[in-house]
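Let's take a friendly walk through a structure together.

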Protein chains: 2
Amino acid sequence: MLIGELAERTGVSARALRHYEDRDLLVPARDANGYRIYSESDIPRVAQIKAMIAAGLGTDTIRRYIDCARTGDHGVSLEMCPDLRAELDALAALLDSRQNAIRETRERLCALASDH
Amino acid sequence: MLIGELAERTGVSARALRHYEDRDLLVPARDANGYRIYSESDIPRVAQIKAMIAAGLGTDTIRRYIDCARTGDHGVSLEMCPDLRAELDALAALLDSRQNAIRETRERLCALASDH
DNA sequence: TTAGGGGTTCACGCCAGCGTGAAGGTCAAG
DNA sequence: CTTGACCTTCACGCTGGCGTGAACCCCTAA
């Protein structure tokens, strides 16, 4: 399928899909006229990427994840994964601390409201 | 105290402190020569701002928080606070969803590792 | 007087994930 | 042949929180 159709079926803009290609997240084949050709199996891939973007992961991290996953499919080595795992842990920890900070701020707000 | 001393004592760069002033988060008095003059009480203020920045809050939101807090001190109205509270809730919810997405990704990573 | 270590105001750079034209090729339908 | 809906490649804009000079003033000590 062409980029427009994939965009429509995934809810991700065509611009974003081209961006993913720039970042080597999803590199489609090309037709004779230069058009990008995607397959059905690219739909779940896009969903994956979309979810990871929403999770706050950078494209670079996602690309490493994809590489790791492909390597995994072929049953080869998983040597890059530990770094990745650590990165996800670090990110999760960061989100934790942010949530705590926000909670504290919110509590201070409540304190102000009930104080006087 | 001057900006350099406050920077050193708070661990926030002088550049950042000037940025806070641009954003009306912390507006110091000025000496005859134009130097910014901060007071001791600005130290905890900076700590506050620093924490809220780390929490992922935007300077605009922080400024509204500060205005609200001042208003609270003087016992006047708290009419701007509901919006703020809602904003903090929304942000916290966003962090929640991101954490879930990261957790899922991490689980998929584990699945890959144990799959084969 | 000179150096040095404060301070000041611009104003551009950076990262990230796209949005948004601009300018033009492709292709099927009327 | 023309319209119009697709597609292509630049390439600048935007948001945010600063970093990093540049060019210049202020004050003190040697």
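How are α1(B) and α3(B) oriented to each other? Before answering, please note that this is a predicted model. In chain B, the axes of α1(B) and helix α3 (residues 42-54) come within 10 Å and cross at roughly 55 degrees. Angles of 65 to 115 degrees count as roughly perpendicular and those under 35 degrees as roughly parallel; α1(B) and α3(B) are therefore oblique to each other.

The crossing also has a hand: α1(B) passes α3(B) in a right-handed crossing. Try to find the residues that make this contact. From α1(B) come Leu6(B), Arg9(B) and Thr10(B), while α3(B) brings Asp42(B), Ile43(B), Val46(B) and Ala47(B). Sorted by class, the contact of α1(B) with α3(B) has 4 nonpolar, 1 polar and 2 charged residues.

Now turn to chain A. Here the axes of α1(A) and helix α3 (residues 42-54) come within 10 Å and cross at roughly 55 degrees, which makes α1(A) oblique to α3(A). Which hand does this crossing have, left or right? α1(A) passes α3(A) in a right-handed crossing. In this contact, Leu6(A), Arg9(A) and Thr10(A) of α1(A) meet Asp42(A), Ile43(A), Val46(A) and Ala47(A) of α3(A). These residues divide into 4 nonpolar, 1 polar and 2 charged.

Chain A also has an entry in a record. An unreviewed UniProt entry annotates residues 1-68 of chain A as "domain: HTH merR-type". In the model, the end C-alpha atoms of that span lie 26 Å apart, and the span is 59% helix and 6% strand.

Next, let's look at the DNA.

Which helices supply the surface near DNA strand C? At least two residues each come from α2 (14-22) of chain A, α1 (3-10) of chain B and α2 (14-22) of chain B. The largest share, 3 residues, comes from α2(A). By class, this surface near DNA strand C has 6 nonpolar, 7 polar and 3 charged residues.

For DNA strand D, look at α1 (3-10) of chain A and α2 of chain B, as each of these supplies at least two residues of the nearby surface. The surface near DNA strand D is made up of 6 nonpolar, 7 polar and 3 charged residues.

Note on methods. Residues are numbered from 1 along each chain as its sequence is written. Chains are lettered from A and ligands numbered from 1 in the order in which they are written. This is a predicted model: local features need pLDDT of at least 70, side-chain atom pairs count only at pLDDT 80 or more; totals for chains, interfaces and linings use all residues. Helices (H or I, at least four residues) and strands (E, at least two) are DSSP runs, numbered from the N terminus. Ala, Val, Leu, Ile, Met, Phe, Trp, Tyr, Cys and Pro count as nonpolar, Asp, Glu, Lys and Arg as charged, and the others, Gly among them, as polar. UniProt positions are given in the numbering used here, feature names are shortened, and annotations may be inferred rather than shown by experiment. Axes are lines fitted to C-alpha atoms, for helices over the stretch in contact, and angles run from 0 to 180 degrees between N-to-C directions. Angles under 35 degrees count as roughly parallel, over 145 as roughly antiparallel, 65 to 115 as roughly perpendicular and the rest as oblique. A crossing is left-handed if the near helix is turned anticlockwise from the far one by less than a right angle, and right-handed if clockwise. Two residues are in contact if their C-beta atoms, placed from the backbone, lie within 7 Å.
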